[in-house]
Amino acid sequence: MNLVISSKNYNISGFIKSELEQKIDKFAKYLTEDASVTVLLKGEKNQLKKVEITIRMRNNVLRSEVGDFDIRTAIDKSLDKIERQLIKHKEKLIEKVPDSIRYDSDRIDESSYSRIVRNKTFSLRPMNPEEACFQLELLEHSFYVFLNEATNKVSVVYKRNDGDYGLIEPEK
């Protein structure tokens with residue numbers, strides 16, 4: 001496992017860095033050897049501190065971002081969030097792709113798996129991303145799938161936590 005801890009507008013003390021390294025080492029049981037963990041601490045004195053943790057392993061990316069006025073609280077919340085994601089990811093992969101993530105030999109209750117309960121089809125019409133954002137707002141959904149008229153590819157616009165929009169486009 002490769003670990004990178006960095007900061008933006010935040011001075012990391014040696015104690016916080018070593019404490020963070022210890023806590024992340026506990027995730028090694030879930031990760032493959034080629035996994036990389038990136039931790040970014042952001043914030044200034046007397047302001048909201050943010051902790052972003054990104055884990056990349058093979059074809060998977062897990063991410064958590066948490067803010068708090070206390071950096072240790074933000075770290076703990078972010079680590080808890082990423083650990084829940086790792087456990088959920090582990091449970092899904094045990095049966096499907098056993099060599100993509102480390103796991104114990106204990107069985108996972110299959111009733112805890114998510115399942116598709118509804119199938120929806122719709123026609124895609126060409127539009128630009130701005131028009132797709134407008135449709136997203138009209139429907140009051142969190143995302144909208146459309147055919148990008150400029151690229152002729154299926155794309156997705158989504159509402160971000162900060163109120164702005166994001167655009168997801170496929171690569172070749």
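# Close-up views of a predicted model

View 1. With a relative accessibility of 0%, Val 51 counts as buried, since buried means under 20%. This is a predicted model, and in it Val 51 belongs to strand E3. Leaving aside residues up to four places away in sequence, Val 51 touches Val 39, Leu 40, Leu 41, Ser 64, Glu 65, Val 66, Ile 71, Ala 74, Ile 75 and Ser 78. Take Leu 40: 11 residues separate it from Val 51 in sequence, yet C-alpha to C-alpha the two are 5.8 Å apart in space.

View 2. Look between strand E2 (residues 36-42) and strand E3 (residues 49-57) and you'll find antiparallel pairing over 7 bridges. Thr 38 stands opposite Thr 54 in E3.

View 3. H1 has 12 residues and reaches 16 Å from its first C-alpha to its last, close to the 16 Å expected at 1.5 Å a residue. Which residues of H1 are buried? They are Ile 16, Glu 19, Leu 20 and Ile 24. Seen down the axis of H1, these buried residues fall within an arc of 130°, so they line one face of the helix. As a rule, an α-helix has 3.6 residues a turn, so residues three or four places apart point the same way. Over on the other side of H1, Gly 14, Phe 15 and Gln 22 are exposed.

View 4. Strand E6 (residues 143-148) and strand E7 (residues 153-159) run antiparallel and pair over 6 bridges. Asn 152 sits in the loop between E6 and E7, and has a positive phi of about 60° although it is not a glycine. Most residues other than glycine have a negative phi. Is Asn 152 buried or exposed? At 60% relative accessibility, Asn 152 counts as exposed.

**View 5. On to the next hairpin, E7 and E8.** E7 also pairs with strand E8 (residues 165-168), in the antiparallel sense and over 4 bridges. Val 156 has Ile 168 in E8 as its bridge partner. E7 and E8 form a hairpin with 5 residues between them, and Gly 163 in the turn has a positive phi of about 95°.

View 6. Glu 140 is found in the loop between helix H3 (129-139) and E6. Its phi is near 55°, a positive value in a residue other than glycine. At 71% relative accessibility, Glu 140 counts as exposed.

**View 7. How confident is the prediction?** The protein chain averages a pLDDT of 83, and 87% of the residues score at least 70. Over residues 100-108, though, pLDDT stays under 50. For that stretch the model has 25 contacts beyond four places in sequence.

Note on methods. Residues numbered from 1 in each chain as written. Predicted model: local features only at pLDDT ≥ 70, side-chain atom pairs only at ≥ 80, totals over all residues. Heavy atoms only, no water. Pairing = 2+ DSSP bridges. Helix = DSSP H or I, 4+ residues; strand = E, 2+ residues; numbered from the N terminus. pLDDT = per-residue confidence, 0-100. Contact = heavy atoms within 4.5 Å. Expected span 1.5 Å × (residues − 1). Buried < 20%, exposed > 50% of the residue type's maximum accessible area, 1.4 Å probe, protein only. Arc of directions from axis to C-beta.
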